[in-house]
Amino acid sequence: MVDDDKDGHVASVYKNDNAQREVRSWCVRRIADWGIPHVRSEVMTSAGVTGVVTTGPEPRDGEPSVVLLPGTNMNAALCLPLVEMLARDRRVVILDLPGQPGLSVGRRPHIRRRMAWYGNWLSEALTRAVPGPAVVVGHSLGGAVALASDAPRIVGRVVLAGAGITRLRVPVPLLAATVPWLLLPSVARSATLLRRMAAPGRGELPDHLSAWMHLVARHCRTSLAPPPLPSSLLEQRRTVPTLVVAGRFDPFLPPGVLGPAARRRLGAEFRVIEGAGHLLLDQAPVEVSAVVEEFCAGLGE
């Protein structure tokens with residue numbers, strides 16, 4: 001158990017100050033090398049500093065910006081291929097989650113209050129970083145955060161392999177790959193873990209992803225997925241259109257589990273992306289981009 005600090009937060013996601021510098025430098029370099037015009041900035045919230053990456057054209061006639069919330073252990077620097085596609089026609093804003101490795105504050109919320117804390121953080125971050133309406137696209141933990149916020153400027157949500165709707169499963173082969181990744185980090189063990197999360201037969205995952213997960217295992221304290229959000233909260237979210245998306249081979253949230261839960265608890269539409277697992281942003285950026293664009297276009301009809 002990690003002790004709370006005097007402000008009611010638990011220890012940082014980083015193991016020490018040098019670890020934070022290493023992770024931040026990796027992210028800054030990767031974003032700086034991105035060949036797409038963008039702005040990297042920061043906004044201050046009650047949670048602390050939030051890292052922001054903005055790209056794409058200015059919204060036209062009140063159309064929503066797409067706000068991307070990465071999942072556990074991920075951040076803007078890992079989402080660039082997907083964002084490049086989304087930004088061809090829309091303003092895209094990536095917000096790094098506080099308490100996750102990246103360019104936001106590393107301090108974590110108390111585990112018993114974390115989803116309310118994250119919901120409040122997102123409402124503040126949207127006010128400071130996103131003028132006008134927003135379609136929030138959240139992956140994994142980011143999906144739960146998208147659902148936790150009742151910010152009035154959210155006009156739609158796309159929840160990709162999203163936590164918070166039903167309890168995640170952890171199959172034995174995935175657990176067997178996680179333990180050595182944490183205890184004896186290496187690029188090879190990171191690649192093995194990632195393959196357990198991905199769909200079979202779709203080729204190798206990008207090299208930078210294994211290098212990143214090796215960095216995370218060496219320098220960070222990884223976090224558990226949140227439990228399902230309260231039914232009363234999800235009931236309130238029915239007032240805003242929501243699409244829930246699963247990869248056909250997601251080991252944590254298989255479609256046969258996530259789909260019925262999304263319809264029952266959230267009244268949401270549900271889609272399955274074939275040939276993808278939990279790593280939707282990495283294995284299926286073309287398909288995810290098309291789903292998000294279709295959803296955004298449908299809001300104006």
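Q: How are two packed helices described, and at what angle do helix 1 and helix 7 pack?
A: Two packed helices are described by the angle between their axes and the distance between the axes. In this predicted model, where residues are numbered from 1 along each chain as its sequence is written, helix 1 (residues 17-32) and helix 7 (residues 207-219) pack at about 160 degrees with their axes 9 Å apart. Helix 1 is therefore roughly antiparallel to helix 7, and their crossing is left-handed. Local features need pLDDT of at least 70, side-chain atom pairs count only at pLDDT 80 or more, totals for chains, interfaces and linings use all residues, and side-chain values use heavy atoms, with hydrogens and water left out.

Q: What do those terms mean?
A: Helices (H or I, at least four residues) and strands (E, at least two) are DSSP runs numbered from the N terminus. Axes are lines fitted to C-alpha atoms, for helices over the stretch in contact, and angles run from 0 to 180 degrees between N-to-C directions. Angles under 35 degrees count as roughly parallel, over 145 as roughly antiparallel, 65 to 115 as roughly perpendicular and the rest as oblique. A crossing is left-handed if the near helix is turned anticlockwise from the far one by less than a right angle, and right-handed if clockwise.

Q: Which residues of helix 1 and helix 7 make the contact?
A: Helix 1 brings A19, E22, V23, W26, C27 and R30, and helix 7 brings H208, W212, L215 and H219; contact means heavy atoms within 4.5 Å. By class, this contact has six nonpolar, two polar and two charged residues. Ala, Val, Leu, Ile, Met, Phe, Trp, Tyr, Cys and Pro count as nonpolar, Asp, Glu, Lys and Arg as charged, and the others, Gly among them, as polar.

Q: At what angle do the axes of helix 5 and helix 6 cross?
A: They cross at roughly 155 degrees and come within 9 Å, so helix 5 is roughly antiparallel to helix 6. This crossing is left-handed. P173, L174, A177, T178, P180 and W181 of helix 5 meet R189, S190, T192, L193, R196 and M197 of helix 6. The classes here are seven nonpolar, three polar and two charged.

Q: How do helix 3 and helix 4 cross?
A: The axes of helix 3 (residues 114-129) and helix 4 (residues 141-148) come within 8 Å and cross at roughly 75 degrees, which means that helix 3 is roughly perpendicular to helix 4. In helix 3, M115, Y118, G119, W121 and L122 meet A144, V145, A146 and A148 in helix 4. That contact has eight nonpolar, one polar and no charged residues.
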